[in-house]
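Hi,

Here's the structure I promised to pass on.

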Amino acid sequence: MDGIVKKLKETAWGHRRAICIVCVIIAGAAAAIWCLSFIGKIRGIYPSLRSFLWWATALGLLLYAMTQAPVLKKPYRIMKYTLIVLASTAVFAFVFMIVWYAFFFFPDDGDYLKEITSKLTRVEGGAERVELDLVRGIGSAAAVNPLSADDRAYLFADGLAEKDFYLDRNPYDRTGHPSVVKYATGKIFYYTSQKTSLALKKGSRFEFTLGAGSGRFLELDAAFPSLDGNQGPARLKVSYRGAKNQVLAEKLLSRERKPDIKPFRYSNVLSSISFYLRHPGRTVLIDNTGWERVRVPVPDGPGRLIIEADMPSGPSYLFLGSPRVMSRAAGKRSDYLNIAYIIFDCMAKNHIELYEYPELFKDHGPEEAMRIIGPRNTIVPSLNRYAREAILFDSMYSVGQVTRPSIVSLWNSRPYTESRLPVFRNIVTRENREEYNALGFAALGDELSSRGWFTKQISCNAQGHGVSSVGVDLGFDENYDYTMETSEHPENIRRIVEFFQENRNRKFFLYSHINTPHSPSWIPLGYYLKALWDTDFIFSSAKVLGNVRYLNSQIERILEAAEKLGLRKNTLFIFTADHSFGRSYLFRTIVTEEEMMWGRRDSQQVAWFHGKAIYVRKGGPDLFRSTMNIPFVVIPPKNAGMEPGKIKAAISTLDVAPTLLDLTVGASQGKFTGRSFKGLLFGREDREKVFSPFIPMVGRFQRAFLLEGRYKYWLNLPGLYRYRDSGGKKYIMQQEYLYDYEKDPWEAENLALDGRAPGLLARMRKIYRERFIDYPDRNYIQIAPRGKGQSGNYRIVVDARGRILHTHTYLDTIDIIKEGPSRVIFNATIKEKPGIVSFETDPPAATVSMTFYRDGVLLARGDILTSPEKIAIFGNPLRLERADDFYITRDPAKTGLEAVDLPPGSVYFSRVPLNYWMEMGGGEKDIKLSPGIKEVLRGWGYIQ
């Protein structure tokens, strides 16, 4: 032992210099890490810095040790140069990405937008009104050679859309005229510009009768697409027969030029970098949207306006977008009300100082309040400046956790559960749109358009029209939709400003949806760097803070344009969100009482389970006030008589459309579910009490919440459970929630737990069941091919104790035979592809019997599968009559259209809640059952 110690001492003494160097390096790294731990400003990146220093120290020591051993000289050189190459590559990549992002992908647009607004000039010119909307007035026009049924079949076929020609029927057309369509130029995920249009073909001629007018003109946008690839212009001729016959204009229109650009929304990183290197500068959106403006003076005397077209033979059509005869109005612009409704996706109340510091603004005014708040916590000064005239809704609740439910319900004022549209699925199918249109819901855009307002959507979210199969038509005259690449937001603001300038003398309703601060949350680099510093380098918080500051610059440009053009005299501005995402840490330097109370909330977990055992899903946000209570800031026209201040009354966004209709035309649309809160705006109603007692909210796991006076109640979907991860376990979240706002305004104590308020809970459940409108179930039958080139002839007879509705097939070799309202037969020839049919019943839980034949023989029980587990539970016929039967066949996390792995020649039956099914991530696609469903199946003996 003494010899070993002696040997070690001799070795250490021989390498004493190296040992000292190692100790100094380690001590220096430890000291640096210790010192950095006291710097609060870098707490967001301290763990990364600590890891970097230790790894750098370890690598340095390793390289130093290798220099002390001659045998490691060659590996040392290889490792040294490898590290130099890797470090140089990393530095180059970092610098390149900074340059690419800041100068190619997303250059700072502050000066660009300021230049646009600085060029605005205020020209009075008098008010203009719509004397004749040619689309709405087409029913009384004399028509020669309008579109035929064959023309419409050609225009609405799928083939044109595949070549980037987008035509839709106009579901709000009251004339039924074949030449009324909606046409959109552009390309999906680049831009689309859709307009309500009058379609002309070779030899078309329309004559409109006009009375006497003053200072009038015809205005329209024309698009002449090359649907078949042929070239050659069209000639548009406008004539007038009055006191004398005269040709007002003859215009040669060239073919619409499609943008020579590939959609890049879903490109990978390398192709995105390459794309912007090839398209540097302010924007990739072109000024020419494919529409050509035509403006023709029209004589003031009575007469007939004649529009005719000549064009090459073949499938050639000329589209006249938003064609209107405008004339000078008798009154002033201040005689009518315009609306600018601006949505910022995911904006929250705590992003706005008017909500966070109401007393400061009330007592000190905007400028002094912002000075007291300080520059760090002043995030949206553009709205703060209107503190003395703004109306703040403190309890405005969205009716959707995600965009489509919130937007569709906003403009048709109907619970989304009535719409037959999907909640999370990005694709809205043709049948979805057709079923939605068949419901005949009113839409605010159409209601105002029919009364002389020009209605337009400028958006990056495609929810207000069906062009991109994301949304449905919500009745706007025009829709301009551009890629969701956030770097194009300046062009959104630019087009808003241009819209103001073009329509400053007219009645208009503008709706714009801007995808900030929603992900991907890209902003000019300067905003992000400043936010990183202000949030102590906490990246998630910096992203939100930087986005909201960027959002402020957009609001500033919008309001600046309105002030310059004199629109503040007669335009109601609303700044709001479609839904919120609550608070983020260190967004401001203060911690509110609400944030402190979050830590005291009752635990929402009710069970735990092994993550691999059963299916559950992490859902979207909950229905706490912090996530569903959206900002709603109203800046009324000057001298409008509206009473500024805060409105505490709980209101649903279902009430917005009837309110705006009431404010503009003094009318209420009976088809709207909501009711007007105009009285609250003018201070004629109690601003404290609940205005909307029941809010049918749609979300991933929640169906609605009920506000009854001081109490709030909501219920999660039975059979679907959210979960959270904690300590290696997954906890199922509580299903019911009940809060007393008078005692518990921050929703910390859930009265639905532990029998705390059984009588109150029972009463709220009863009210909820009586008022909530749920989605119906759709029945799906999928038929598997027999394999090995064999074909099978299937006959499925469906009988119901009720009506059978909405029958669909998803294969060309399937036919539908309807033998009365309660009986349907599907005949299918299945060879290589699986066949799918679907149907619904009225009522949804009506007894259903399905008999299956293959090649004229009853299918064996073992070939008839159902339930998410794909097991043979029922016989043939398969009969649903008990509640258990319906429940066991329900698959709430699917579409019904996925290819199911089935035995050859078998059939699979499932019931899918029409709108509940959810998109599945890659790690979830093979998981099928929620805890609730699995326990029910075990209890019934269907599975072990």
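Below is what turned up, from the whole protein down to a few residues.

First, some housekeeping: this is a predicted model, so local features need pLDDT of at least 70 and side-chain atom pairs count only at pLDDT 80 or more, while totals for chains, interfaces and linings use all residues. Numbering starts from 1 along each chain as its sequence is written, and side-chain values use heavy atoms, with hydrogens and water left out.

The protein has 25 helices and 41 strands (DSSP runs numbered from the N terminus: H or I of at least four residues for helices, E of at least two for strands). Of its 944 residues, 55% are buried. Buried means under 20% relative accessible area, exposed means over 50%, and partly exposed is in between, with a 1.4 Å probe and protein chains only.

Now the cysteines. There are zero disulfides here (a disulfide is a pair of cysteine sulfur atoms within 2.5 Å). Cys20 is in none, and its nearest cysteine sulfur, that of Cys23, is 6.5 Å away. Cys20 is partly exposed at 48% relative accessibility, and Cys23 is partly exposed at 47%.

Finally, take a look at Asn629 in strand β21, residues 629-630. Asn629 is buried, at 3% relative accessible area. Its side chain reaches the backbone oxygen of Asp394 at 3.3 Å, a polar contact (N or O atoms within 3.5 Å, one able to donate a hydrogen and the other to accept it; residues adjacent in sequence count only if both atoms are side-chain atoms).

Cheers
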